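Dear colleague,

Please find below the structure that I am handing over to you. My notes on it follow directly after.

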Amino acid sequence: MARKICSFCGTTEREENPFIAGNHVYICSNCVTSAYKILFGEAESSHYHPESQTLLIPKEIHKILNEYVIGQESAKKTLAVAVYNHYKRIFKREHDQDTSIDKSNILLIGPTGSGKTLLAQTIAKFLDVPIAISDATNLTEAGYVGEDVENILTKLLQAADGDIEKAERGIIFIDEMDKIARMGENRSITRDVSGEGVQQALLKIIEGSVVNIPPKGGRKHPNQDFLQIDTSNILFICGGAFDGIEEIIRRRLGANQLGFGQAKRSKQTDDDVMHLIESDDLVQFGIIPELIGRLHVTATLNKITLEDMVRILVEPKNSIVKQYQKLFEIDNAVLTFEDNALRAIAQKAINRKTGARGLRSIMEEALIDIMYELPDLEGYEIIVTDDVIENGLKPIYIKNSKSA
């Protein structure tokens with residue numbers, strides 16, 4: 001039997017939100033309450049209506065991502081189209097249900113610090129939908145020590161301030177997916193409770209189903225009250241580095257190549273082969289086929305180059321350099337970085353293999369002594385050189401003549 005869907009807000013029928021049926025249309029009790037308040041002059045309900053939101057087209061989504069994420073053009077374009085199609089499916093749903101559009105979840109593959117989490121956070125922020133971020137390595141099968149998979153939904157509900165309707169249109173980002181790859185074809189006697197077992201547990205909620213969750217998270221207990229969340233319209237974005245999958249791809253590409261062709265293929269960089277990833281490569285890595293079948297869109301992110309790392313420091317709207325300059329400005333001081341200093345910071349992050357997420361800690365290390373003295377530096381311009389970053393020397397201090 002087809003599920004009943006409210007013709008006004010698009011929600012599915014639940015026990016706590018019963019429907020009134022008309023001539024091939026339905027209206028939920030929440031919408032009836034909202035209509036009553038509007039008709040009789042009461043304040044309009046704060047009930048969440050997704051149709052009232054503005055649906056951004058792919059070019060607009062891509063433009064927003066460009067303001068916060070440097071590089072990764074292919075991934076941004078893929079993500080923009082996938083997110084647009086997902087929310088178009090929800091917000092612009094036609095009343096007739098002759099054609100049902102399946103949900104397309106997303107898999108982001110890229111090195112540590114390449115921007116996977118930032119992409120998801122930026123999308124959620126500008127679509128004004130709640131987002132829950134979870135680490136797959138913390139999840140275990142139900143009944144084992146660790147975090148139940150269903151607790152991800154509790155996090156999303158908390159991000160939506162307890163509004164179930166809003167949570168059901170949110171985004172869940174699951175990082176470190178590669179860390180829950182199954183142990184291999186030769187299964188051990190010990191259950192893989194944080195590997196394949198977690199993948200199996202994720203299948204149900206990612207595909208779309210009504211899940212019972214504890215209101216405050218934690219383990220499920222008998223005689224406990226539960227909240228029901230329908231995951232059919234929740235967008236799942238999974239991310240992971242998948243270290244070593246490049247060799248799996250190369251073996252597949254070179255399986256039927258001999259002589260000069262094989263030598264030519266071996267010279268391909270990791271970024272070159274990652275764009276050629278296929279479902280079979282992920283299966284061989286250790287992701288179960290059923291889960292791959294629910295992650296229909298795959299986007300790959302490249303390793304961040306030195307030039308990109310420098311751009312990340314200064315270009316985004318909320319760049320790290322702009323943030324520290326604002327901190328100095330509050331104390332009536334000016335913070336300036338020489339170009340060589342920025343390159344030194346970027347090179348340190350590359351050497352540490354932390355990606356862009358390591359930039360802030362490097363900046364903090366370099367500026368900690370300066371910021372300790374900052375309240376006494378009113379009216380100064382502080383110029384950071386490469387010697388400050390590489391050798392721990394003091395910056396250049398210039399007293400502003402106007403404040404002398």
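In what follows, a residue is called buried when its relative accessible area is under 20%, exposed when it is over 50%, and partly exposed in between. Please bear in mind that this is a predicted model.

I begin with the sheet and its aromatic residues. Strands β12, β13 and β14 form an open sheet in that order, with mixed pairing. Its edges are β12 (334-337) and β14 (396-399), each of which pairs on one side only. On average, neighbouring strands in this sheet are turned by 20° against each other, direction ignored. Helix α16 (residues 359-372) packs on the sheet and touches β12, β13 and β14. The direction of α16 makes about 140° with that of β12.

Strand β13 (residues 380-384) and β14 run antiparallel and are joined by four bridges. Within this pairing, I382 has Y397 of β14 as its bridge partner.

The count of aromatic pairs comes to three. One of them is formed by F242 and F285, with 5.2 Å from centre to centre and 55° between the planes, a tilted arrangement. F242 lies in the loop between β10 (235-240) and α8 (245-253), while F285 belongs to helix α11 (residues 279-285), so this pair ties together parts that are 43 residues apart in sequence. Are these two residues, F242 and F285, buried or exposed? Both are buried.

A further pair brings us back to the sheet. The ring centres of Y380 and Y397 are 6.4 Å apart and the planes stand at 90°; the pair is therefore edge-to-face, since planes over 60 degrees apart count as such. Because Y380 is in strand β13 and Y397 in strand β14, the pair ties together parts that are 17 residues apart in sequence. Y380 has a relative accessibility of 27% and so counts as partly exposed. Y397, with a relative accessible area of 33%, is partly exposed as well.

I turn now to the charged side chains. In general, side chains of opposite charge can pair when their charged atoms come close. Searching the whole structure gives 13 salt bridges. One of these joins K317 and E67, at 3.3 Å from N to O. This pair links distant parts of the chain: K317 sits in the loop between α13 (306-314) and α14 (320-330), and E67 in helix α2 (residues 58-68), 250 residues apart. K317 is exposed, since its relative accessible area is 53%, whereas E67, at 27% relative accessibility, counts as partly exposed.

Another salt bridge is found between R311 and E315, whose closest N and O atoms are 3.1 Å apart. R311 is partly exposed with a relative accessible area of 35%, and E315 is partly exposed with 41%.

Finally, a network of salt bridges links E176, D178 and K179.

With kind regards

How values were computed: Residues are numbered from 1 along each chain as its sequence is written. This is a predicted model: local features need pLDDT of at least 70, side-chain atom pairs count only at pLDDT 80 or more; totals for chains, interfaces and linings use all residues. Side-chain values use heavy atoms; hydrogens and water are left out. A salt bridge is a side-chain nitrogen of Lys or Arg within 4 Å of a carboxyl oxygen of Asp or Glu. Helices (H or I, at least four residues) and strands (E, at least two) are DSSP runs, numbered from the N terminus. Buried means under 20% relative accessible area, exposed over 50%, partly exposed in between (1.4 Å probe, protein chains only). Two strands pair if DSSP finds at least two bridges between them. Axes are lines fitted to C-alpha atoms, for helices over the stretch in contact, and angles run from 0 to 180 degrees between N-to-C directions. Contact means heavy atoms within 4.5 Å. Rings of Phe, Tyr and Trp (its six-membered ring) pair if their centres lie within 6.5 Å; planes under 30 degrees apart count as stacked, over 60 as edge-to-face and the rest as tilted.
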